Amino acid sequence: VQLQASGGGLVQAGDSLRLSCAASGRSFKSYSAGWLRQAPGKEREFVARISSNGVSRYADSVKGRFAISRDNAKNAVYLQINTLKPEDTATYYCVAQGMWNGDNMSWRYWGKGTQVTVSS
């Protein structure tokens with residue numbers, strides 16, 4: 001599976017963005033998928049994930065502002081980001097096939113990131 005994220009950019013606080021992730025491979029629809037982000041100087045963090053049948057989970061820091069969705073017919077997963085804040089500035093990574101390792105989830109497939117920069 002190959003993943004290609006897009007949709008990032010330079011926006012102002014309060015704006016919205018929709019990130020897209022295009023996946024190759026027929027098996028994608030059977031995998032969980034998600035988004036992680038990494039801000040400058042910080043560790044990579046979980047943002048949201050969605051199961052193969054559409055059940056979603058979010059980091060507490062983004063609940064109510066972010067929405068993850070997927071379209072298995074298009075082999076795509078999306079991240080709608082509303083009311084952007086400067087602290088949302090990060091490189092956003094699309095991932096697929098999550099695997100539990102104790103209390104943590106690791107991801108088998110990673111896309112190159114897309115940069116989101118939010119100005120105040």
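**An all-strand predicted model**

Leu3 stands opposite Ala23 in β3. Strands here are DSSP runs of E with at least two residues, numbered from the N terminus. This is a predicted model, in which local features need pLDDT of at least 70, side-chain atom pairs count only at pLDDT 80 or more, and totals for chains, interfaces and linings use all residues. Residues are numbered from 1 along each chain as its sequence is written, and side-chain values use heavy atoms, with hydrogens and water left out.

Stay with that pair of strands. In β3, Gln4 has Ala22 as its bridge partner. β1 and β3 (residues 17–23) pair in the antiparallel sense over 4 bridges. Two strands count as paired if DSSP finds at least two bridges between them. In general, strands of a sheet pair through backbone hydrogen bonds, either parallel or antiparallel.

Now widen the view. β1 and β3 belong to an open sheet of 4 strands, ordered β1-β3-β8-β7, with antiparallel pairing. β1 (3–6) and β7 (66–71) are the edge strands, each pairing on one side only. On average, neighbouring strands of this sheet are turned by 15° against each other, direction ignored. The angle is taken between N-to-C directions, on a scale from 0 to 180 degrees, with axes as lines fitted to C-alpha atoms.

β1 also has two faces. Leu3 and Ala5 form the covered face, while Gln4 and Ser6 form the uncovered one.

The largest nonpolar core has 30 residues. Such a core is a set of buried Ala, Val, Leu, Ile, Met, Phe, Trp, Tyr and Cys residues joined through side-chain atoms within 4.5 Å. Buried means under 20% relative accessible area, exposed over 50%, and partly exposed in between (1.4 Å probe, protein chains only). Leu3, Trp35, Val47, Val77, Leu79 and Tyr92 have the most contacts inside the core. Elements that give two or more residues to this core include β1, β3, β4 (33–38), β5 (45–50) and β9 (90–101).

Contact means heavy atoms within 4.5 Å. Leaving aside neighbours within four places in sequence, Tyr92 is in contact with Trp35, Val47, Phe66, Leu79 and Val116, among others.

Next comes a hairpin. β9 pairs with β10 (residues 104–110) in the antiparallel sense over 6 bridges. In β10, Trp110 is the bridge partner of Val95. The hairpin has 2 residues between the strands, and Gly102 takes a positive phi near 70°.

Thr117 lies in strand β11. Thr117 is partly exposed, with a relative accessible area of 28%. Not counting residues up to four places away in sequence, Thr117 touches Gly9, Leu10, Val11 and Thr89. Leu10 is 107 residues from Thr117 along the chain, yet their C-alpha atoms are separated by 4.7 Å.

Finally, the whole chain. The protein has 0 helices and 11 strands. Its radius of gyration is 13 Å, close to the 14 Å that the globule rule gives for 120 residues, so the protein is as compact as a globular protein of that length. The radius is taken over C-alpha atoms, and the rule is 2.2 Å times the number of residues to the power 0.38. Along the principal axes, the C-alpha atoms fill a box of roughly 40 × 30 × 25 Å. Buried residues make up 40% of the 120 residues. Among contacts between residues at least 6 apart in sequence, 55% join residues at least 24 apart.
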